[in-house]
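Subject: Handover of a structure and notes on it

Dear colleague,

Please find the structure below, together with its sequence. My notes follow it, and I would be grateful if you read them with the model open beside you.

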Amino acid sequence: MQISRRHLNLKYELPVYHTLKEWQARGKRLRDHIEIACGLKPDLRKQRLRPRALRALAYEGDGYVIERLAVESLPGYYVTGSLFLPLNRKLPVPVMLHPHGHFETGRLNDADILRSVALAKAGCAVLLYDMIGYNDHDQLPHRAVNTPVEQLWGYSRAGLQLRNSLIFVDYLESLIEIDANRIGCSGISGGGTQTFLLAAVDPRIKIASPVKMVSARMQGGCLCENAPNLRVSATNPEITALFAPKPLLLISDSGDWTDDNPTIVEPFIRSIYKLCRAEKNFQRLHLNEGHQFGLPAREVYYQWVHIHFKLESLPKEPALSPQSLIPALKVWGQDLQKPAQAASENAIFDHFVQDCRAAFPAPAHKRELNTYRQTATHALSHAFNLDAEPVGGSRRKTGKMILLAGESEACARWEEMLKSSGLPIQRCELVKTALADIPNFHQDYYTTYNPVPDAVNVKRLLEKLKTLPVAQVHLIGLGKFALTALYARALWSGKGKFLLAMDDNESDCFTPCLERAGGQHAAWALVAPMPLCLLSPTKETETTARASYALAGAEKQILVTARIEASLQWLLNESR
């Protein structure tokens, strides 16, 4: 198999969209893909209630106060920050979320403190909050290995940070002090990544300003910016453009990777705003001050927020020492103590999985099947990085053939056994490539930019199925590729029998977000009630398949056997 190789430092050529309809179709698919890659769909947000929060007054300044804030994102897992609230202003007030970049001091850097105070004094609340592993957000390390099990569930630092931002928005819009129709977000560097991801998926964000991050030649150098599957077919400029037609302030600099903005990124994003007839809502600032949120950038930012949120006064750079506020910006302390039962790293992941299972449980009643199948098809198509929703088989009304999917040797063996069947036989020979065999797999976040080998095989098998010119295709998944064939069959709605020859435990299938999308439960729900034969299946496969067929009222359509002869007889028996 030829291994594709996209990576974070590749110079990407940005696509051209000629019509609004074309962009809207792409935008819907990309937005859904971001949410699935980041573990947010099938929809976790439907079950949200107002999150539990811990607050304490920390400081009262000239025209504003600072509160310590910790919000529970998962049971026992707290995300932390400082809430700046204006004093003596007409309520409710707008609010800006300020996620920080990868600075040594996190959110406790001078620029972020100054711009937060400036907005608060002018009548705009600010939430300045911690990345995972920074300052008071210390229950998880910022950098860690994203294990295969975590990837299967769509659990990543990037996805968790996006979830945390959404939880903060949930909380903020519940406050009587906050105007839920005036919520915005702005951050620099890694905070810029958090900004454009949040802006892309949350319609409650009304204005956004990613600062010195969006580029066509560098997509983000940290684990917290690289959810598996996220950029297999996308780049940051496209993700940022999803915010159109709402007000966007894009700030770039000649002294970092955003030096390509004037010639590449800005024309692309402007073209999308032009399609949306909203060019006036796109504002760009290009500086030469290096990778920082300097005073010139802050002053333009102040004016931009003032205009779009109609603040009572124009924010001005405060005359104070930012470091003097550090004690008030610490969250945990005497007046706000960290809960004794704070969750461990393993417990946080376990709670996340429980949340996912609750959001997308296997159906318990036949009446739930149609909705479940629609959601499963959509989620699996994104997990396997398909370009669009899968389609059905041939429109021909006659003809049958057999398609063998597996290694060359296994295909040849089964073709020999089936040569007297009288049916045409084709092969889709697949190659199993271990992730460990991909050169430099752990560098440059391979699974963020490239489909994994099993996903490539599923897509290849689907393409083969769609081209066969007969009414029915009897698909046989062999050995190591039995589960590859299962997921391809689940995403193909053509007619024909399905024989799964598992060879006692040899088969597996890995792609990020597969379990998050329902795994085998989803696949079997989509395959049932097609005629099925399981040859030497694993216990998990047999149990899951039987449950799905029983729910569909198709128990008689499934045969389980350990004998090849019985499976061949089943395949060629016209009465089944």
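Which are the buried residues of α16? They are G519, Q520, A522, A523, W524, A525, L526 and V527. Please bear in mind throughout that this is a predicted model.

Helix α16 is mostly covered, with eight of its nine residues buried. The partners against which these buried residues pack are α11 (369-383), α15 (482-490), β13, β14 (532-535) and α17 (539-551).

The loop between β13 (498-501) and α16 (519-527) contains C513. Although C513 is not a glycine, its phi is positive, at about 75°. C513 counts as buried because its relative accessibility is 1%, which is under the 20% cut-off.

A second residue with this backbone feature is R277, which is not a glycine and has a positive phi of about 55°. R277 sits in the loop between α7 (261-275) and β9 (282-287). Is R277 buried or exposed? R277 counts as exposed, because its relative accessibility of 82% is over the cut-off of 50%.

Next, the cysteines. How many disulfides does the structure hold? The number is zero. The cysteine sulfur closest to that of C38 belongs to C513 and is 8.2 Å away; a disulfide needs the two sulfur atoms within 2.5 Å, so this pair is too far apart for a bond. C533 is likewise in no disulfide, and its nearest cysteine sulfur, that of C411, is 17 Å away. C38 counts as buried, because its relative accessibility is 1%. C533 is also counted as buried, because its value is 0%.

I also looked at D454, which lies in helix α14 (residues 453-467). D454 counts as buried because its relative accessibility is 8%. What does the side chain of D454 reach at 2.8 Å? It is the backbone nitrogen of F510. Setting aside residues up to four places away in sequence, D454 touches F384, K432, T484, D508, C509 and F510.

One joins L91 and P92, with omega about 0°. P92 is placed in the loop between β3 (77-86) and β4 (93-99). The other runs from A244 to P245, and its omega is near 15°. P245 is found in the loop between α6 (236-241) and β8 (248-253).

Finally, please consider L275, a residue of helix α7. Which residues is L275 in contact with, leaving aside its neighbours within four places in sequence? They are Y17, H18, T19, L20 and W23. By contrast, L275 and L475 are 44 Å apart in space, C-alpha to C-alpha, and 200 residues apart in sequence.

With kind regards

Methods
Residues are numbered from 1 along each chain as its sequence is written. This is a predicted model: local features need pLDDT of at least 70, side-chain atom pairs count only at pLDDT 80 or more; totals for chains, interfaces and linings use all residues. Side-chain values use heavy atoms; hydrogens and water are left out. Helices (H or I, at least four residues) and strands (E, at least two) are DSSP runs, numbered from the N terminus. Buried means under 20% relative accessible area, exposed over 50%, partly exposed in between (1.4 Å probe, protein chains only). A polar contact is a pair of N or O atoms within 3.5 Å; within protein, one must be able to donate a hydrogen and the other to accept it, and residues adjacent in sequence count only if both atoms are side-chain atoms. Contact means heavy atoms within 4.5 Å.
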